[in-house]
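Here is a short briefing to read alongside the model. Please keep the viewer open as you go.

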2 protein chains.
Amino acid sequence: MSQHRHPGTPGRAGAVPALPDLPEATVARLPEYLRALHNLAETGHETVSSEGLANAAGVNSAKLRKDLSHLGSYGTRGVGYDVALLIDQIESVLGLTQCRSVALVGVGNLGHALAGYDGFASRGFRIAALFDASPSRVGEEINGLVVRHVDELPRVATEESISIGVIATPASAAQAVADQLVAVGVTSILNFAPCVLSVPEGVDVRKVDLAIELQILSFHEHRKASLTALPATGGSALTALPGGLAATDNQEAIGT
Amino acid sequence: MSQHRHPGTPGRAGAVPALPDLPEATVARLPEYLRALHNLAETGHETVSSEGLANAAGVNSAKLRKDLSHLGSYGTRGVGYDVALLIDQIESVLGLTQCRSVALVGVGNLGHALAGYDGFASRGFRIAALFDASPSRVGEEINGLVVRHVDELPRVATEESISIGVIATPASAAQAVADQLVAVGVTSILNFAPCVLSVPEGVDVRKVDLAIELQILSFHEHRKASLTALPATGGSALTALPGGLAATDNQEAIGT
DNA sequence: CGCGATTTGTGCACCCCTTCACAAGCGCCT
DNA sequence: AGGCGCTTGTGAAGGGGTGCACAAATCGCG
């Protein structure tokens, strides 16, 4: 089980520009580079060095160069990278040239916030439809969109050509919703419900679990606390950092 | 720069029980195991095999065994793992035996949802205080907590002994908030703002960026679309999966 | 009491990712 | 035109994670 057998571009299929088969770790960082590049563009920068962009994105400069090299040579030695050109390239690789439509299922506490989150629209995603199973929520209008019953998903999906489904339901409902999304042709799912989803091969699932993030932090907090078994202050951890704060710029690359 | 120089437990410091120095990848999976174990416990299971728990957590059984072996031998060969015992062990390692207090800064769209999210409390985290910089939000009551001005952070932090800070502000305010959190002794930060935070060494930052998750999905969607350059249907991606849905149980372990 | 079925714990090989270090290339200044 | 400084792109080394395959250990049953 869990055979990651990505066919591997069988050689004869040369219709698309490149499809360089990027490493997953690189793909996960490209959006961060993109955000940093947009910031730079707004600040009036025309070019940026790998060092500069790496700092803005919070990574090592060598890593950044290797990442960018995977999608071609778009830098100029001695100068750096053209910001606008690089933005176009990354957006092209990520498939952001077309605006993608998102269906959000589950308009509870979290789903409500996601529906109103403007960070999606500003990055090329359009929340095309909201769904919920609870009759008390169906009909409600959020951010200019009316919440529909989840049974309408098939009809609406064909109309809006949904490309990504977001699940923000309780865990008990998540699998059923995932099945429905898959049934209408959705092959990319972002799951906020704290549970494992079973999906057919070819469907990508990414999971975001807020409680898990806190638990990982808790572990490190726990570890740090037990390492600091020496100081005399037996009470709280308010040692108040002698040196000026914000001294370094490391980002503690844990996980991700 | 970015020298990850975790001191490495200099040998003489043997006061704490174990501190097995777990691999990061393992730490990131432990919460998932814990959730699966709680489900099993509620369903009445007393023991579980590595295969069973691995399925429930969506990972390989060999990986699970290796992960658990890092925190000691708590299984019985030929039988499996004692569910209750394993729960205790994992919670102990993750430092969840004590209830940790969380300070949430930024009660906008997302922060509002986080403040009301019951998934935190059910896993041992207590949202102890809410902060915002906007006077229009200060004083509002959410889930039984009153929103305070961010300037009160120092006083409240000492009273409540905050151990984790959550930033749900706009990106423009995030760095300043992080600095304030660090100044009052917080050494673990969960950042929802789309930006890189600079923090002193010893402070852990985990970042959750919802738009980035969508962009990663977009890449895979884009790639899948270009690989499927063959079929006659020129229109949308509604090929409707011939075989019965929910056939396999792979989870497409992309990233994380 | 011994044997077989079952399951854990782990040595090992493989692969991906990270990081260093440096050659190649580009622009600018003289 | 030539040289110099700066930056990219990349080969190679090292580390960490994953998964296989198997030995060790435990239980139950005859």
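Is Y117(B) buried or exposed? Y117(B) is buried, with a relative accessible area of 17%, where buried means under 20% relative accessible area and exposed over 50% (1.4 Å probe, protein chains only). This is a predicted model, in which local features need pLDDT of at least 70 and side-chain atom pairs count only at pLDDT 80 or more, while totals for chains, interfaces and linings use all residues. Residues are numbered from 1 along each chain as its sequence is written, chains are lettered from A in the order in which they are written, and side-chain values use heavy atoms, without hydrogens and water.

**Aromatic pairs**
- Over all chains, the structure holds two aromatic pairs (ring centres within 6.5 Å; planes over 60 degrees apart count as edge-to-face).
- In chain A, Y117(A) and F120(A) pair edge-to-face, at 5.0 Å centre to centre and 85° between the planes.
- Both Y117(A) and F120(A) are buried.
- Y117(B) and F120(B) also make an edge-to-face pair, with 5.0 Å between centres and 85° between the planes.
- F120(B) is buried, its relative accessible area being 6%.

**Helix packing in chain B**
- Helix α1 (residues 24–42) of chain B packs with helix α2 (residues 50–57) of chain B at about 110°, their axes 9 Å apart.
- α1(B) and α2(B) are therefore roughly perpendicular (65 to 115 degrees).
- E32(B), Y33(B), R35(B), A36(B), L37(B) and L40(B) of α1(B) meet L53(B), A56(B) and A57(B) of α2(B), contact meaning heavy atoms within 4.5 Å.
- The residues of this contact comprise seven nonpolar, no polar and two charged.

Conventions:
Axes fitted to C-alpha atoms, helices over the stretch in contact; angles between N-to-C directions. Helix = DSSP H or I, 4+ residues; strand = E, 2+ residues; numbered from the N terminus. Parallel < 35°, antiparallel > 145°, perpendicular 65-115°, else oblique. Nonpolar A, V, L, I, M, F, W, Y, C, P; charged D, E, K, R; others polar. Phe/Tyr/Trp six-rings, centres within 6.5 Å; stacked < 30°, edge-to-face > 60°.
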